[in-house]
Amino acid sequence: MHKDAERILFTEEEIKNAVEKLGTQIRKDYDGKNPLFVGILKGSVMFMADVVRAAEIDCGIDFMVAKSYGNAAVSSGNVRILKDIDTDVAGRDVIIVEDILDTARTISSVMEIFRTRNAASVKICTLLDKVTTKKVADIKADYKCFDVGDEFVIGYGLDYAEQYRGLKYIGVLKREIYEH
Ligand code: IMP
């Protein structure tokens, strides 16, 4: 385990199984459709790559950069779209792929954008859901792998100050790393 991690929450094997299950569900729900998976960079990269392959359906992929956190472990409540998708979403079934839903501020802004652009449907697919945090505007995940509590988590795409994204597991970051 990484020295900055307090403990492992989900192992590589547990993540793999959960993502496979989610992929199967998405395959059933989008049978005969051609959805567009939109990954919110950078945290969703590992999850996006795995969930799209687990779904095994005809689909498109695209990416967006939306930021609500700086280098701090608390939400700033400030969402900025730094890179937009290139794909026309009008009439398209969109699945937004996120690493973690915290306040859901990021994703609610992104959903709003896709609705304005006349997407046929917009669903949320998240790796983790911080169930302890109050969400904005009734946002709920349509697809999710795991619930987590009020802890700062790292690995499998998730970072703190751009570190730890490459860990194969999801772990809890030691408090002393972000509280000083
Ligand atoms: P929200 O807009 O408050 O839902 O924030 C979502 C974004 O905050 C996620 O996409 C992550 O980039 C970041 N985030 C929130 N909680 C954590 C965490 O525990 N670890 C790493 N990143 C987090």
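**Close-up views of a predicted model and its ligand site**

**View 1. Ala104 sits in the loop that connects β5 with α3.** Helices (H or I, at least four residues) and strands (E, at least two) are DSSP runs, numbered from the N terminus. Although Ala104 is not a glycine, its phi is positive, at about 70°. The model is a predicted one, in which local features need pLDDT of at least 70 and side-chain atom pairs count only at pLDDT 80 or more, while totals for chains, interfaces and linings use all residues. Residues are numbered from 1 along each chain as its sequence is written, and side-chain values use heavy atoms, with hydrogens and water left out.

**View 2. The shell around the ligand holds 17 residues.** Nearest to the ligand come Asp99, Thr103, Ala104, Thr106 and Val153, where a residue is near a molecule if one of its heavy atoms lies within 4 Å of it. Both β5 (93–101) and α3 (105–116) supply at least two residues of this shell, and β5 gives the most, with four residues. By class, seven residues of the shell are nonpolar, three polar and seven charged, with Ala, Val, Leu, Ile, Met, Phe, Trp, Tyr, Cys and Pro counted as nonpolar, Asp, Glu, Lys and Arg as charged, and the others, Gly among them, as polar.

View 3. A polar contact is a pair of N or O atoms within 3.5 Å. For Arg105, a backbone N or O atom lies 3.3 Å from an oxygen atom of the ligand. The ligand taken alone exposes 490 Å², of which the protein buries 92%; these accessible areas come from the Shrake-Rupley method with a 1.4 Å probe.

**View 4. A cis peptide bond joins Leu41 and Lys42.** The omega angle of this bond is about -5°, and Lys42 has its place in the loop between β2 (36–41) and α2 (45–55).

**View 5. Residues 70–76 have a pLDDT below 50.** The protein averages a pLDDT of 92, and 93% of the residues score at least 70, pLDDT being the predictor's confidence in each residue, from 0 to 100. Where pLDDT is low, the predicted coordinates should not be read in detail.

Conventions: Polar contact = N/O pair within 3.5 Å; in protein donor to acceptor, adjacent residues only side chain to side chain. Contact = heavy atoms within 4.5 Å.
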